[in-house]
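Notebook open, model loaded. I want to look at how the chains meet and then at the build of one of them.

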Amino acid sequence: MIGIPLTHILIFSLLLFAIGIYGALVRRNIIGILISIELILNAANINLIAFSKYTSPSPEMGQIFAIFVIAIAATSAAVGLAIVLALYRVRKTVYTDEVNLLKW
Amino acid sequence: MNRILGFFDQIFVSAKAWLLALLGRFLPDWVVVLASIVISGVVILVMGAVIMMYLTLLERKLLGRIQNRYGPNRVGKWGLLQPIADGIKMFTKEDIIPANADKIIHLLAPIVIVVPAFMIFLVVPFGRGMTAANLNIGLLYFIAVSSVTTLPIFMGSWASRNKYSLLGGMRTAAQMISYEVPMTLSVVPVIMMSQSLSTNEIVLAQSGCSGLHWFIFTPWGLAGFIVFFLCATAECNRPPFDLPEAESELVAGFHTEYSGMKFALFYMAEYMNAFTLCGIAATLFLGGWQGPFLPSWAWFFGKTFILICVMIWFRGTFPRFRVDQLMGFAWKFLLPLTLINILVAALWHFLPPVWAWLWSALILVISFFILVKLNINFVPEKRVYTLES
Amino acid sequence: MPVLEIAVKFGIYAAMGTVLIFALGVVTLRNLFHCALCLAAALIGTAVIYLGLRADFLAGIQILLYVGAVVTLVIFAIMLTEHLAGKTVRQNNSQSLPAVIGLAAFVAILAALIVKTPWPLQAASHAKISVMEIGQALMGTYVFPFEVISVILIAALIGAVVIAKKDNSGEQS
Amino acid sequence: MTFGWGVFKGMMVTLKNFVTSYACKRDNGGIFTVQYPEEREKEFENFRNFPFLVYDGTPDKVRCVACGICERECPTKCIHIEMETDAAGKPARKPAVFDIDYGLCMNCGLCEEVCPFDSIFMDCAFEVAAAERLDGLVFHKKALLKSNEYFRKVRPALASAIDQKRKAAEEKKKAQAQPPEAPKPQ
Amino acid sequence: METIPFSKNTDTAEMLEINFGPQHPSTHGVFRMAVQLEGEKICGLKPVFGYLHRNHEQIAENLPYAAVMPYTDRLDYVNALTNNFGYALAVEKLAGLEVPERAEYIRVIMAELARIVNHIAVIGFMLNDLGAFFTPLLYAFRERERILDIFEGVTGSRLMNNFFRFGGVKHDLTEADLAEIKKIIARFPAFLKEFEDLLTKNEILCMRCQNVGILSAGDAINAGITGPVLRASGVNYDIRKVDGYSIYNRFDFQVPLGKKGDVYDRYYVRILEIRQSLKILEQALAKIPQGEIMNKKALPYLKMPRNFKPPVGEAYGRIESPKGELGFYVVSDGTPQPWRYHVRAPSLINLTALEEMCLGQKVADAIVILGSIDIVLGETDR
C-alpha cells in the first residue's frame, strides 16, 4: 500500500483545480486561459487515478478515463489554439477584454 | 568455449553484482539499492559524455574521409585527443549572454536539454541483463522522454531574443511534432509482434535462429526500420533534416546565441540523442544485443555504431530539405506508409509464413509506388536540355 | 524495505508541492512563456505522482501527450502571437480579489467534505496494472467511448486545420 | 527511375570516395590534403610573391641604381626609394633607402617587369609573417637584398636568362669600350 | 540601421523582418538581404550591397593602363583570368593592337580553364547553401586545385593572375604545361560523371531546386541578366557566339539552354557549359600554333607603361565571363591614364532580379537562389 492517505491526494488535486480556476478567471490572455484549463483537467485526472487506485474494484478504469481526458485536453488545446491564431490574425490581439465585439 | 563467451558476455553485469555484494556485507539493504542506482547512473553519465566526445571525433573523421581529406589528426595519435582539446576550448571560452536575453531561461535551456538525453539511456538494453531500468513501459518511456527535447530547444530559441533562433525554434517545433507521429507508429508493429513495451522483452522476442531472428528481416520490419531511422535522423536534427540549425539559412538556428560550455551542452545532447536513437533502432529492429559468437554488448555497440556511421554518411552526402517538403515528407509519405505497415504486420500475424511473406512484401511495394505517385512533387522532373549553336 | 517506501512517500509529497508551486507560477507569472514552462514542469510533476500511484503507463502518456504535444502547441502559439521585444503587458484582469475569495470558500467547503466523507476504501492490490490489461479494457468494455474519442480527435484535427488555415478566398476574388 | 535511386547513387559516390581515400594515391581519388608544414606543394618557378633586390657577389654591389621607375610604376605605391649621396653630395646611383611595404604590395610583379637594370625580382618565399602590421611588414633594404645565387636557386630559368643577358651586355659594353682602347698603345 | 523600402509592403502582424548579412554564412561575402518573412515565406526582399566597395574605377582612372590589370584580378576573384581578358580586349580595341595567334590561343585556353574552375566552384558553393555539408564543394575543389596548379605554373599566381598584357600574354605555355592541361581535360569527364551521380538525379536536390526561383526569359532580358542565368531561362545569348571575340568563332561549340529558368536549370546549364568548355579546350590544344606571344608593337610598353598612350577615343570590350557579360568601358584622352573607366559587372546586374525570383518562396530558397545567381562581392561592389 502506498503510504499516502486518499484525502491528501484529493486535497492536493482540489488545490490544483482551484489554482486552475483562478487562472481561468483572472487571465486576460486567451492562451493563459487555455493553460489554466489544462491545469484543471490535470487535477481531474489525478482524482480519477486516485479514486480508481483506492476505491475501485477494477483499477484500470481510472487510467482509461484519464486517457480519455488527456485526449480531450489535447483536442481542446488544438482547437483552442487554432481559434487563438485565427483571432490574432484578424484582430491582432489575444486579450479577452479587447475582443468585445460579437462580429467583425 | 561457451563459458568464456558467457564470462565476457556478462562481464559488466557480474562486476556490478560483485561490487554490490561487497557493499552488502557491511551496509543495510537500502544503501545497496541506492548504490546500485548510483553505479548505473555514474556509468551512464560517464558513458554519455565519452560517447558524445568521441562521436564528434568519429563524425569529423568520417566526413573528412568522405570528402577526401584527413579529419583532425594533429592532437594526439589520429587526433584521439581532439575531443579533449575541444572540451578545454569550450570551457575556456567566454560565455556570452545577449543583452536582451531572458537570462534565467537562457541559462536553463542547455542544462535541461541534456536531462532527457541522459534519461533515455535508462531503457537502452546495452547487453544481456544490461538495461539500467527494465521498465515494462520502456518503449513508451523512450518516446515520451525524447518528446520532451522540444521544450529546451524552445527555451533556448525564445530566450535568445534572436530572430534566427526564433525561426529555428519554430522549425524545431513543427519538425519534432511531425516526425514523432510516424516514429511512434513505425514502432507499433514491433510492439504487436513482441507483445510488450519493454525494450528487454523486445530484444528477447528476436532471439530465434541463434540470435539472428531480427525484425528487420521481415518486410514490415524493413519498412518500419527505414521509417524509424529516417524519423530518428529528423528527431535529433541531423542532416538532411537539420533545418532547426540550418547553417546556411539560420546561422545556427536555436543555438545561434550560445557560446562556450552552453553551446557544448547543446552539442552533447544532440550527439547523445543520436546515439540513443540509433541504439533504440538497433534494439527494435536489428535484434539489439542478439547475435552469434560475440558478447552481447559488443553486438549492441557494433550495430549502434554502424547506424551512427550511416547517419554521418547521410550528412556527408545530402543537401537539406526545405521546411514544407520536410513536413510533407512526414505527413504525406511516412505516415501513410507506417499505417499500411501496421496493417501488414497484422496480416503477417494471421497468415501462414510463406503467404505472409508474399502478401506483405507485395502490399508494401505497391503502397510505396502508390504513395510515390501521389506525392508526385517529390519526384524529380525529367528534363531534356537543348544545345544550340 | 521501509526506508525505500518512506522515500517514495516523500517523493510523492515533494512532487505535489512542486506541482502546486509551478501551478501558482502558471497563473501568476507575467511572461506567458514562463507560464507555459511552468505548466510543463507542473505536468511532469503530475507524471511523477502517477508513477508513485503505480500508473506507469499513464505517466508515459502524460509526458508524451501533455509535455510533448500540448505544451509544444501552446508555446508555438505564444511564439506566433507574442512579440519578441517583450514589452510587459498587464496579464490579469481586475477580478483577482473576488476570484481568490470565492475560490477560498470553495476550497474550504470541498476540503471539509473530502475530510468528512467516509471513502469506501478497497484493499488495493500492489500489482501494477499492466499495459495489456488497459489495452484489453479499451478494446473490450470501453470500446465505444474509445471509438468516440477517435472520432472527436479527427473532428478536432479537421476543425483546427480549417480554423487556423488562412482565408485566401477573399484575396483571390 | 524509382524514387530514391538518385539518393542511393549519391550515397554510393560518397562511399566510393570514402574507400578511395584509404586505398588510393593523391591523384586518383585519394586524400588531396597537403599536410603543410611537413609536406609542401611542388614549387613553380613562375610563382611570384613579394619583390626582393638582387646583388652580385657582396651586398654592396647592388644592381639597383635607385632610378625610381618601380617606385613610380608600382600600382599600390608600396615602394619607397631614396638615392645615396656620396660625400660631395652627388647622387651615387645606389639606393640609400629601399623600403617595400609588404602589407601594401599586391604581388602583381609590375616592378619586375619595368625594372631596366634587372635588379628587382619576385621572390617565391611566401612564409612572411610579422607580429605587427604597420612596421613589421615594411621590409627595409637590408632584408630585401638577396644574392644572385639565391635568385638562381629560387628561379633558375629566369636567373640564368638574366645572367646571360647581363653577360652579353657586359661583353658588348667591353667590346664597345675596347675599340677606342685598341689603338691607344701606340 | 536604416529602413529598407520594400516594394510590396504587406504589413501583417506575423511579419518578421530579418537581415541576412552582412555577416552571415551564406551570403558569399559581405552582402545583405533585408528579408520580410511571413512564417517562412518571403514577402519582401531587398539586396543591400556596397560593403566591399573599393573604389575600383576611381583607382583605375589614376593609374597607367597597364597598372590597372592587377586590379581587375580583384574584381571577380574566382576567375581573374577572364577579367584580364575583358580589360585587355577593351584596351586593345582602344589602341588598335593586334594579338598574335599563339597568344590568342593561350588566352582562350586560360579563359576556358577559368570558366571550368568558376562553374564547379559555384555549383559546390550552391550545394553548400543547400545544406550539403561541403562534400560537393570539396570534390569540386579537388579538381579546381589541379587547374589552379596550372595557373600557378603558367601565370605565377593561383588566383590573382595578372596574366594578360595589351597585345599578348605575359608568359608562354610550355609543352609540359600543355601536356598537363591535356591530362586534366582527359580526366575531367570522369569527375563530372561522379559529380553528376552525386547531384543531378538526387531527389532532395531536385525537390529543392526544381521550380524554385523561376525567372522567365522576358524578365531576364528586361533586367539585363546575362550569362548562365540568362541561358537557363532559355535565351540563346552567349557573347562568345554573338561577338565571336578573340578567336572563339574558330571553335565548334554549342550553347546549352535551360527550359524553365529555375535553380535546377542554372545548375545544369553550368554542368553542360563545363562540357562545352572542355570541347573548346580540346580543339584549342590541338590547334595551338607556334609563334610569338606578344605583339612586337606592344613590347616596349611592357618596360615603359607610361609611354602607352592610346589615341583619343573610347572603347567597350566585352567578354562572356563565367558570370555573364563582363564589359570594360574605357575612354582615353591621350594621356597615360584612362580618362574614364567603367566596369559592367555581371554579378551586380544579375543581382537585380533577385527580389523577383525570391518573392513567394521560402527563406531557404532565397539562399539557394542567391547561390545560383553566382555573385562575387568583389565584382558587385567594386
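Before counting anything, I settled what counts as an element: helices are DSSP runs of H or I with at least four residues, and strands are E runs with at least two. I also kept in mind that this is a predicted model.

**Entry 1, chain D.** With that rule I get six helices and six strands in chain D. Reading along the sequence, I wrote down α-β-α-β-β-α-β-β-α-β-α-α.

Next I checked the overall dimensions. The C-alpha trace of chain D spans about 100 × 45 × 30 Å along its principal axes. Its radius of gyration comes out at 25 Å, while a compact globule of 186 residues would be near 16 Å. I looked up burial too: 25% of the 186 residues in chain D are buried. For contacts in chain D with a separation of 6 or more, 66% join residues 24 or more positions apart.

**Entry 2, who touches whom.** Chains A and B have no contact, and their closest C-alpha atoms are 13 Å apart. Chains A and D have none either, with 34 Å between their closest C-alpha atoms.

I find 62 residues of chain A in contact with 71 residues of chain C. On the chain A side, α1 (6-26), α2 (30-54) and α3 (60-91) each supply at least two residues. The largest share is from α3(A), with 21 residues. Sorted by class, the chain A side has 45 nonpolar, eleven polar and six charged residues.

I picked α2(A) and α1(C), the latter being residues 2-28 of chain C. Their axes come within 9 Å and cross at roughly 155°. How do the two helices run, roughly parallel or roughly antiparallel? Angles over 145 degrees count as roughly antiparallel, so α2(A) and α1(C) are roughly antiparallel to each other. The crossing of α2(A) past α1(C) is left-handed.

Then I went down to residues. From α2(A), Ile35(A), Ser36(A) and Leu39(A) meet Ala23(C), Val26(C) and Val27(C) of α1(C). By class, this contact has five nonpolar residues, one polar and no charged.

Methods
Residues numbered from 1 in each chain as written. Chains lettered and ligands numbered in written order. Predicted model: local features only at pLDDT ≥ 70, side-chain atom pairs only at ≥ 80, totals over all residues. Contact = placed C-beta atoms within 7 Å. Nonpolar A, V, L, I, M, F, W, Y, C, P; charged D, E, K, R; others polar. Rg over C-alpha atoms; globule rule 2.2 N^0.38 Å. Buried ≥ 20, exposed ≤ 12 C-beta atoms within 10 Å, placed from the backbone. Axes fitted to C-alpha atoms, helices over the stretch in contact; angles between N-to-C directions. Parallel < 35°, antiparallel > 145°, perpendicular 65-115°, else oblique. Left-handed = near helix turned anticlockwise from the far one by under 90°.
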